[in-house]
Each structure stands twice: as structure tokens, then as C-alpha cells.
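Have the sequence and the 3D view open as you read.

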Amino acid sequence: MPYKTSRIFKLIVCAGVVLNFQFSIFNSACAQQISELEKTVVATQRDAVLQHGTLAVSVYNITKHKQVYDYNSQMGMAPGSVNKMLTTGVGFARLGSKFRFTTRLCLRGTVDRDGVLHGDIYIIGGGDPLLGSYRYRQTSVDSLFEGWMMALKKKGVHRVDGRVCYHQGIFDEVPLHDSWPWGDVGNYYGAGVYGLNFHENMYFAHFDPGLRVGFPATAVRTVPKNIDVQAVCEVTTGPAKSGDQVIAYGSPTSKERVYRGTVPLGEKDFSVRISLPNPGRQCADLFASYLRTHGISISSNSMQVYTQPDSLRTVLDYYSSDYYTIAQYTNITSNNIYAEAIFKYLGYAQYGKGTFANGSKAVMEWLKEKKIDADGVKVVDGSGLSPQDRVTSDFLCRYLMAISREPFFEDFYNTLAVAGESGTAKKIKVSVPGVIVRLKTGTISGVKAYAGYVDAANGDRLAFAIISNGHNCSASVVSEKLNKILQKIASIY
């Protein structure tokens, strides 16, 4: 018996030695990978493209709840569209995955026995960023208006002795943040957000190029057609396969749009996305036109109203897709209007009015509730289009770590693009066997950022943030350098 006990003890001791030896090898390998990460980060910071810029990198092991690596991690930096992770994450917390924006179709007045509405139709905006969107058949302009028209007919309306009114008071009348660059706001990605959005607050301008490079191009049509826009086309013809190089200029309340830049040689009917002026009015005008062409006459022009009458009768509650679907599209494709609609709705839900300031307060309040230190953080919009937004790479990792412990985490996680596979991360290759990277990218002038999660080969989950500000090269060039850093992070375990 003593012999057997002694033998078992020796085996345990030997096993312990083996385990300790293996653990030492693992730690050594991990330390080596972190050392390689450090060399890559330092080399990137010393590169000529960042000679006058700043790089920040942070990595946390959220499985083991510890910091793994940091470089300039407390530096306040502009995040670009990485900001959308804050907006969508707080949206999951406050609104829930099943939340839907609601647009109300209402009547005011009486319908006589001949089917004449002696009064007005009202469209009451609820901030829905998908209303009339071209992306899905069920949200398209024709599908939307057909559904609204059928709802009116069910109420016996066949003629309107009045007008189509629209109300967008759920949000303020400031669709753009003051800090957004003028060169952005005429384009689809700078279209802004309203209480009543329509067709994603953008339209397609179609161009025919000239016969040779440098020849004038011609603006031939718009989609939707019959929108109220006065366009000045200064677009010329660029080299074949040069893509969309058009920039549009114009304010959100002006009908005028000036097109400048180039479209590619040889590509007729080339489409470019432009911000839509007065989307609420465009919605009301086009709906009135749709009714007229489908046999329901309307006697007066459309009109915006700033106060909802008490005597409104709801004809139809029109619901958006669920919040999960909207948040997924927001993060994977980096859609600005979706992000700003969520951001302002958070402000409306918590403070009674959708404004940039209230959206910011709502986000910062949630961070405070969760005891996430936001020192050095400034959130002025929901999309990250503003160069005034500020985060630290350390904060982003701690935020992602906190989110990973929330009951909605799986839904949030699935809204992030998969590196090498989807959305804005499709060109980011991470060649480490058994590793999955989900992330949000961010790009504005002088800013490139990545943040998200690495599911390591050993089963641990990492949170990471990589931010470059002030680089003097193209986004594609700096992306190559950040990709190398991400590759090293994915190789740590």
C-alpha cells in the first residue's frame, strides 16, 4: 500500500511538472507573439505615412479579464465609423432587438358617402431610416405607397378635398451635425436624418459619360423619378473603370445640387448616390402624386406641419424592420443614416426630443450606468462622420468587454462584419487557422480605425482597437499597415 501511494504521488508530481512545462511553453509562445505585435506597432508608428500622425493599439483578453497589450492607449483619437459600435450597442440596451420604428398614416376631417375626405392626410414620422428604402422589396417606394393607398381605400377614401401633410417633430429640424464637412453633406453618406426619412434620404443620379476622357458627362435621370431637385452637372469623363468620382454639393433644405468629378468612360447610365433635399416633403409630394395616378385626386399641395392636431385618426401604423436587422446593416455596411436615426431616437426615447445633444447624453448616461470610465471620450454624433468624436483605444476595449457581458451580446456580436468575408471587412484578411475576427471599421479623412473581437484558437476571446489619426497616405495604404497589426493580434494565442 505505501508503495502504491508513493507511486501515485510521483505520477502526480510528474504530471505537474509536465503541465508546468507546457504552461511555460505556452506563456513563452504568447510572450513571443506579443513581442512581435510590439515590433509591428512600433515599425508602423515610425513609418513615413505616420511620421506626423498617431497610432494607438489596445488588446484585452476578455475571457481572462485582463489587458494584454497597449500602445498610446489613453490618447484621445477620432474613431470614424467605429463610433457606430457605441450607437448600436446602447441601442440594443435601451431599445431591444425587437424594437421597430413606427410611422403613422392618419386622417383629419370627415369622409362623406361619396368617398370624399373633407380634410387632410397626415404622415407622422417616427424616425424610421428604412421608410421607402430601395434595399428591400417590402420597403420600396411602390410597395410603401401601395400599402398606404389600400389602407385609405379601406377607410372609404376615394378623393381628398385637402392635402397630404407631414410631421417630423419626433426629431429636431437639424439633420446635419455642425461639424460635418461640407464636402460630405451633398453625398448620400452625409444626408443627415429627420423625423420623417424617405428613400434613405438619397437618390440615384444617372450619368452618360462623354465619348473621350475629359469630355462632359450628361445627367440623364434620377431614381426615384419626379423628385424635386435642380441639378447643375459639371461632371466630366474619367478613364475606363475609374469608378464613382462624383462629389455633390448642396444643403439639406435647398433643391439645388451641383455635381462635380468624373464618371468612367464607356459606362452608360452610371449611377451615383446623392443626398435628397427635404426628404419629408419629397415623401409627401410623391405619395400625393402616386394617389393621383391611381385614381385618388387631391385638391391642394403638400405641407409640413409642426404640431399634431388632436383630432387625428390613425389609418395605419407602419412598422420598420426590427432593430436587430437595422443594427446589423448599420455596422456591417457602415450606413450613416441608420446610425443617426438610432442615435437621435435614443435621445427622443430618454429625453423627449431627438437631437444630437440628447443622443450624446443617452450614450454617455448608459456608459455611466455601467461604470465604464469614459475619460477622454466625446460622442457628438451616431455615425462617426464628425471629426470631433473622440475615443481612446483602451476605452473601446473596455466598452467591448462590458458589452460582452450583456444579455444582448450575441445579437450585437452578429452585427459586426467578419474579416475577409462581409461588409466593410471583406478585404481584411486574417490568415490564422481557427481564428475568427469580427470588427467594425472606421474611415474619414485622416482617420482609419478597427475595433472588435478575436475568437482565438485556444478558445479565449480578445477585444481589440487599432486607430490611426493624421496619416499622410490613402485609406488603402494605411489599411495594409493596420491589417498587419491585426494579423499579429490574431496570432497571440
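Which side chain is joined to that of Glu200 by a polar contact of 2.7 Å? It's the side chain of Ser133. Bear in mind that this is a predicted model.

**Around Glu200**

Glu200 sits in the loop between helix H4 (182–185) and strand S7 (202–208). With a relative accessible area of 4%, Glu200 falls under the 20% cut-off, so it counts as buried. If you skip residues up to four places away in sequence, Glu200 touches Pro129, Leu130, Leu131, Ser133, Tyr134, Arg135, Asn335, Ile337 and Tyr338.

**Pockets and the cavity**

Now for the open space. The largest pocket holds about 1,200 Å³, and 42 residues line it. Nearest its centre you'll find Tyr188, Tyr189, Ser334, Thr424 and Thr443. Two or more lining residues come from each of helix H6 (323–333), helix H7 (336–351), strand S17 (436–444), strand S18 (447–455) and helix H11 (475–490).

The second largest pocket has a volume of about 330 Å³. It is lined by 14 residues, with Val141, Asp142, Pro224, Lys225 and Tyr290 closest to its centre. Helix H3 (141–154) and helix H5 (279–293) each give at least two residues to that lining, and H5 has the largest share, at 4 residues.

What about enclosed space? There is 1 cavity of 30 Å³ or more. Its lining consists of Leu176, Val185, Gly190, Ala191, Gly250, Ser251, Pro252, Arg257, Ser275 and Leu276.

| Space | Volume | Lining residues by class |
|---|---|---|
| Largest pocket | about 1,200 Å³ | 15 nonpolar, 19 polar, 8 charged |
| Second largest pocket | about 330 Å³ | 7 nonpolar, 5 polar, 2 charged |
| Largest cavity | about 40 Å³ | 5 nonpolar, 4 polar, 1 charged |

**Helix H2 and the cores**

How many of the 11 residues of helix H2 (residues 84–94) are buried? The count is 9, so H2 is largely enclosed by the rest of the structure. The buried residues of H2 are Lys84, Met85, Leu86, Thr87, Thr88, Gly89, Val90, Gly91 and Phe92. After H2 comes Gly96, which has a positive phi, near 90°.

Leaving out neighbours within four places in sequence, Tyr399 is in contact with Met85, Leu86, Gly89, Val90, Trp366, Leu367 and Ile372. Of these, Met85, Leu86, Gly89 and Val90 are among the buried residues of H2.

Tyr399 itself belongs to the largest nonpolar core, which has 61 residues. Together with Phe395, Phe412 and Tyr453, Tyr399 touches the most other members of that core. Another core lies apart from it, with 44 residues, including Val157, Tyr203, Leu286 and Val315. As a rule, nonpolar side chains in soluble globular proteins tend to be buried together.

Key:
Residues are numbered from 1 along each chain as its sequence is written. This is a predicted model: local features need pLDDT of at least 70, side-chain atom pairs count only at pLDDT 80 or more; totals for chains, interfaces and linings use all residues. Side-chain values use heavy atoms; hydrogens and water are left out. On a 1 Å grid over the protein atoms alone, a cavity is a set of points where a 1.4 Å probe fits but cannot get out, and a pocket is an open set with protein on both sides within 12 Å along at least five of seven lines; lining residues have an atom within 4 Å of a point. Grid points are joined across faces, edges and corners, and a volume is the space filled by probe spheres set on the points. Ala, Val, Leu, Ile, Met, Phe, Trp, Tyr, Cys and Pro count as nonpolar, Asp, Glu, Lys and Arg as charged, and the others, Gly among them, as polar. Buried means under 20% relative accessible area, exposed over 50%, partly exposed in between (1.4 Å probe, protein chains only). A polar contact is a pair of N or O atoms within 3.5 Å; within protein, one must be able to donate a hydrogen and the other to accept it, and residues adjacent in sequence count only if both atoms are side-chain atoms. Contact means heavy atoms within 4.5 Å. A nonpolar core is a set of buried Ala, Val, Leu, Ile, Met, Phe, Trp, Tyr and Cys residues joined through side-chain atoms within 4.5 Å.
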